[in-house]
Amino acid sequence: MELGQNVVVHHPDQVNLYGCKVGDNSKIAAFVEIQRGAVVGRNVKIEAFVFIPTGVTIEDGVFVGPHVCFSNDRYPAAVDERGKLLEVGDWQVVPTLVRRRASIGANATIICGITIGEGAMVGAGATVTHDVPADSLVVGNPARIVGPRPRWWGRPPVRARKRKLDLA
């Protein structure tokens, strides 16, 4: 495992990082697994219960919401045609790429072999089965483009209303 500078692992005893690379200033929450050969860039935020297997590359500035699951095998199986248990190397790892500044919402499933474009947003619960264009928003199962990615700086700030307490 190779951790960059200022990487924060909130609960190190509750994460499983092995043989992976994590870039500077990234934050990793509890119950995350990042497997051998996976690469996480700088300034990445990974929320709780995320699974990142071998073959996944996440570039700089990406947000990965809670319970996001990546896959790395198109045809997963436990045994071969003769019933023999498959072991490491008995299947082909299919790479997945998440480009800079993308955001992936809670409970999304990312099928292997796709690219999530720069600045794209995957909605919560989406199942991504095809490439996601840069700066787009995809939602649903299977995920479909519904428009451009919303920009937080393009929305007016939310101001909390002060409630008057009527104690009479």
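Start at the largest pocket, which has a volume of about 220 Å³. A pocket here is an open set of points on a 1 Å grid over the protein atoms alone, with protein on both sides within 12 Å along at least five of seven lines, and its lining residues have an atom within 4 Å of a point. The volume is the space filled by probe spheres set on the points, and grid points are joined across faces, edges and corners. Select Tyr18, Gln35, Arg36, Thr54, Asn72, Val88, Gly89, Trp91 and Val93 to show the lining.

Before moving on, note that this is a predicted model, where local features need pLDDT of at least 70, side-chain atom pairs count only at pLDDT 80 or more, and totals for chains, interfaces and linings use all residues. Residues are numbered from 1 along each chain as its sequence is written, and side-chain values use heavy atoms, with hydrogens and water left out.

Now colour by secondary structure: the protein has zero helices and 20 strands. Both are DSSP runs numbered from the N terminus, helices being H or I of at least four residues and strands E of at least two.

Next, select Phe70. Which residues does Phe70 touch, not counting residues up to four places away in sequence? Among them are Phe51, Ile52, Pro53, Val98 and Thr96. Contact means heavy atoms within 4.5 Å.

Is Thr96 buried or exposed? Thr96 counts as buried because its relative accessibility is 3%; buried means under 20% relative accessible area, exposed over 50%, and partly exposed in between, using a 1.4 Å probe and protein chains only. Show the side chain of Thr96 too: one of its polar atoms lies 3.1 Å from the backbone nitrogen of Gly113.

Your next stop is Ala48, in the loop between β8 (45-46) and β9 (51-52). Leaving aside neighbours within four places in sequence, Ala48 is in contact with Ala29, Ala30, Phe31, Val32, Pro66 and His67.

From there, click on Phe31, in the loop between β5 (27-28) and β6 (33-34). Its phi is near 60 degrees, a positive value in a residue other than glycine. Most residues other than glycine have a negative phi, and most peptide bonds are trans.

Finish at Pro142, in the loop between β19 (136-139) and β20 (144-148). The peptide bond from Asn141 to Pro142 is cis, with omega near 0 degrees.

How values were computed. On a 1 Å grid over the protein atoms alone, a cavity is a set of points where a 1.4 Å probe fits but cannot get out, and a pocket is an open set with protein on both sides within 12 Å along at least five of seven lines; lining residues have an atom within 4 Å of a point. A polar contact is a pair of N or O atoms within 3.5 Å; within protein, one must be able to donate a hydrogen and the other to accept it, and residues adjacent in sequence count only if both atoms are side-chain atoms.
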